[in-house]
Structure formats: C-alpha cells, structure tokens
Amino acid sequence: MYCSECKNLYRTFEGTLARFVEARTSAFYQVSTRIAVRKHVDLVRAKNDLCEHQEVCPWAILAQHFGQHGIVQFAEA
Ligand SMILES: [Zn+2]
C-alpha cells in the first residue's frame with residue numbers, strides 16, 4: 001500500500017545500502033576513508049529522502065495507520 005514515489009525511493013535506498021555493504025567489505029574501504037564517508041553520506045541521504053516522503057505521503061500514512069510496517073522499519077528489521 002505505497003505510492004510509486006515510495007517504491008522508487010525505497011529502491012534507491014536499497015541500492016545505496018547494497019553498495020555501502022559491498023564497499024565496507026572490500027579492502028578498498030579500509031584504505032580510503034574519503035570514499036567510506038561518501039558512501040555513508042549517500043546512504044543517510046537516501047534514507048532521509050524516503051523518511052521525508054513517507055511523513056507526507058498519504059499511502060504510507062494509511063499503511064502505518066492500519067498497522068503495516070513502514071518501508072524503512074521493514075528494511076531495518
Ligand atoms: Zn509515497
């Protein structure tokens with residue numbers, strides 16, 4: 001019960017999270033703190049974009065009203 005923007009932002013968040021996890025496990029991450037910081041900033045930004053949208057999105061509010069897990073909570077579970 002989410003709108004297309006919710007789904008798009010969630011896909012972006014998922015992709016950013018996957019790249020962050022991949023980067024964290026690589027040896028490259030250990031030597032480049034600048035890249036590590038940038039990947040983390042990207043991740044936080046993607047999560048904030050999703051949260052900000054869901055605060056005003058009627059579909060997300062409705063889903064939470066009916067007791068469904070929000071996309072962000074679901075992703076963190
Ligand atoms: Zn939405």
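With 14 C-beta neighbours inside 10 Å, Asn-8 counts as partly exposed. Asn-8 belongs to helix α1. This is a predicted model. Its protein chain has five helices and zero strands.

**Overall build**
- The elements run α-α-α-α-α from the N terminus on.
- The protein chain has 77 residues, and 12% of them count as buried.
- Take the contacts in the protein chain with a separation of 6 or more: 66% of them join residues 24 or more positions apart.

**Helix α3**
- α3 has 24 residues.
- From first C-alpha to last, α3 reaches 35 Å. That is close to the 34 Å expected at 1.5 Å a residue.
- Lys-39, Ala-46, Leu-50 and Gln-54 are buried in α3.

**How α1 meets α3**
- Helix α1 covers residues 4-25, and helix α3 covers residues 33-56.
- Their axes come within 9 Å and cross at roughly 160 degrees.
- Angles over 145 degrees count as roughly antiparallel, so α1 is roughly antiparallel to α3.
- The crossing of α1 and α3 is left-handed.
- On the α1 side, the contact is made by Glu-5, Cys-6, Leu-9, Tyr-10, Thr-12, Phe-13, Thr-16, Leu-17, Arg-19, Phe-20 and Ala-23.
- On the α3 side, it is made by Ile-35, Lys-39, His-40, Asp-42, Leu-43, Ala-46, Lys-47, Asp-49, Leu-50, His-53 and Gln-54.
- By class, the residues of this contact divide into 11 nonpolar, five polar and six charged.

**Asn-8 and Leu-50**
- Asn-8 and Leu-50 are 42 residues apart in sequence. In space, they are 9.0 Å apart, C-alpha to C-alpha.
- Asn-8 lies in α1 and is partly exposed.
- Leu-50 is one of the buried residues of α3. Leu-50 also takes part in the contact with α1.

- Gln-54 sits in helix α3.
- Gln-54 has 22 C-beta neighbours inside 10 Å, so it counts as buried. The cut-off for buried is 20 or more.
- Gln-54 is also among the α3 residues that make the contact with α1.
- Gln-54 and Tyr-2 are 52 residues apart in sequence. Their C-alpha atoms are 9.2 Å apart in space.

Notes
Residues numbered from 1 in each chain as written. Predicted model: local features only at pLDDT ≥ 70, side-chain atom pairs only at ≥ 80, totals over all residues. Axes fitted to C-alpha atoms, helices over the stretch in contact; angles between N-to-C directions. Helix = DSSP H or I, 4+ residues; strand = E, 2+ residues; numbered from the N terminus. Parallel < 35°, antiparallel > 145°, perpendicular 65-115°, else oblique. Left-handed = near helix turned anticlockwise from the far one by under 90°. Contact = placed C-beta atoms within 7 Å. Nonpolar A, V, L, I, M, F, W, Y, C, P; charged D, E, K, R; others polar. Expected span 1.5 Å × (residues − 1).
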